[in-house]
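Here's a quick tour of a protein model, from the inside out. Have the viewer open as you read.

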Amino acid sequence: MSQTVTQPVEIEFSDLDTRLGDQAIVNDREALSQQVQPPSTPILSKRRSAAIITTIASVNFLNTLGSGLLTVALPRIARDLQLPHELLLWPAAIYGLTCGCTLLISGAVADVLGRRLILITGSFLYAAFTLGCGLCSTYEQLIAFRGFQGIAISLCLPSGIGVISNAFRPGQRRNIAFATLGGGSPLGYAVGLVLGGLFAESIGWRYGFHLGTICNFTFAVVAIWSLPADQEWGNSNLLERLKVEIDWVGAGIASSSLAMMFYVFAVLTASTSEIKYTPNIIILSIAIALLPAFVFWRNLAFTCICIAVFLTWASFNAFGYFASLFFQESQGLSPIQTSIRFLPTVVCGFLVNVITGLLVRSVSANVLVISSTLVTSVAYVLMAIIKVEWMYWYAAFVAIALSPVCSDVLYTTGMLIITSSFPKETQSLAGGVFNTISQIGNAVGLAAGGVVASSVTASKGGQNSKTGVLEGYHATFWTCFGAAVLVAVVSMVGLRKAGKVGLKVD
């Protein structure tokens, strides 16, 4: 049986009391306190806690499932749908574009309308658009449905974080919850890799999306039962709160700047020469000018975590896609053989998240982030020097196994720091900030990796030169290594005073 601990919010009226000394002020104080008092955090049973955590973790699982499917099956999808080479990365890039530029608005709306409502709505929409990906007959349709998927998942990600933050008080249970959420991402990605390779080699890649649709719909139905009801905030009018509490102008500017920036990055993945065109220069300039410096509004630890998340997700996303291309294009492996080679990420990702959830309140944040970054940097170096004739166990196995260490540690650590920087009533917005930064990193990493690889390949003989293509991949992996080193430096400087996070607050 849940126990509710009442923690009333105290509102200071000392200045008004001193000036007016009127009994009416006391009455106003009581009325306003009833309207704005946030709901208290109940103490949940272990069974209910497990149900909530599992449901929210499934959102992260499904978020990366489609990415895993695309990573391995993309060459086969490109042949079946006649996807042009210059648009090869667009099915992945458009997902990050639409998701990244709607996350902040989605998080803010979820805080007002209710996290459970927005998450369940997004889950059913995501299931519908996943089905669309499996039924598409042209590459234009695939790109469009992937874009709609990004919008749908943007409703789910910040809402899920808001549910976790408000269901669990700071302490071990919340730490485990965020660690489990972090574990859902590599698990979903790995399952997507396996399914993508298996279906692409047998009954067809479309069945991966069909299976994903069934999983999405199932989890959405389960969420109706498992998630706690949206808590009431007194007699406040929802439409009035939507109008007053959300900075629509600021959110619109932020979303527009991100959309323009993502578009230019996606265009650059096709060819670096596209940056020379005047429209692209203008769009990028406007995007940079409008981009709000929201990562700098809190404190040093908050800012550094944002930078670390951006760089880590950029390098990890680029590493996954170009490692898959190396296995298939350079070593000539089939999709199923490629997917099997990514399986170590499942085991390593699971273990890292469990260990992080247990250690996060005992070890300083900077020690966790720096050590995990150094471990992951080994993976980037190994893939940067790998040769086509090398056996999988020489270098690729270790690289694939170590690649998710930093992102998994940083997910739990970063989420605890970022959510602690926001008040309880805007935890979905906090989740929107975290996921926006990671999606920006995904888009920039994919674009930067594509630009580096294509530039080096072009200088070494073009796409017809196997040596040139390999050197392009190597250059991308070295770029990932440089990003990892920068994460370590930023963490060393910015998180040295952050101390331990995830401590229990009584």
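## Ground rules

This is a predicted model, where local features need pLDDT of at least 70 and side-chain atom pairs count only at pLDDT 80 or more, while totals for chains, interfaces and linings use all residues. Numbering runs from 1 along each chain as its sequence is written, and side-chain values use heavy atoms, with hydrogens and water left out.

## The cores

Start with the largest nonpolar core, which has 83 residues. A core here is a set of buried Ala, Val, Leu, Ile, Met, Phe, Trp, Tyr and Cys residues joined through side-chain atoms within 4.5 Å; buried is under 20% relative accessible area, exposed over 50%, and partly exposed in between (1.4 Å probe, protein chains only). Ile-56, Ile-153 and Ile-164 have the most contacts inside this core. Its largest share, 15 residues, comes from helix α3 (residues 46-81). Helices are DSSP runs (H or I, at least four residues), numbered from the N terminus.

Apart from that core lies another, of 30 residues, with Phe-322, Leu-333, Tyr-380 and Ile-400 among them.

Contact means heavy atoms within 4.5 Å. Skipping neighbours within four places in sequence, Ile-153 touches Val-59, Asn-63, Tyr-95, Cys-99 and Tyr-126.

Gln-149 sits in helix α7 (residues 139-167) and counts as buried, at 1% relative accessibility. With the neighbours within four places again set aside, Gln-149 is in contact with Tyr-95, Tyr-126, Phe-129, Thr-130 and Cys-133.

Helix α5 (residues 103-113) is mostly covered, with nine of its eleven residues buried. Those buried residues include Ser-106 and Asp-111. Just after α5, Gly-114 takes a positive phi of about 125°.

Most residues other than glycine have a negative phi. Gln-82, though, has a positive one, near 55°. You'll find Gln-82 in the loop between α3 and α4 (90-100), where Gln-82 is exposed at 65% relative accessible area.

## A nonpolar patch

Which residues form a nonpolar patch on the surface? They are Ile-176, Val-347, Phe-350, Leu-351, Val-354, Ile-355, Leu-358 and Leu-359, with about 700 Å² of accessible area together. Areas come from the Shrake-Rupley method with a 1.4 Å probe; for residues, only the protein chains shown count as cover.

Helix α15 (residues 344-359) gives the largest share, seven residues. Ile-176 is found in helix α8 (residues 172-201) and is partly exposed, at 31% relative accessibility.

Key: Helix = DSSP H or I, 4+ residues; strand = E, 2+ residues; numbered from the N terminus. Patch = residues over 30% accessible without salt bridge, like charges linked within 9 Å, V, L, I, M, F, W, Y side chains within 5 Å. Salt bridge = Lys/Arg side-chain N within 4 Å of Asp/Glu carboxyl O.
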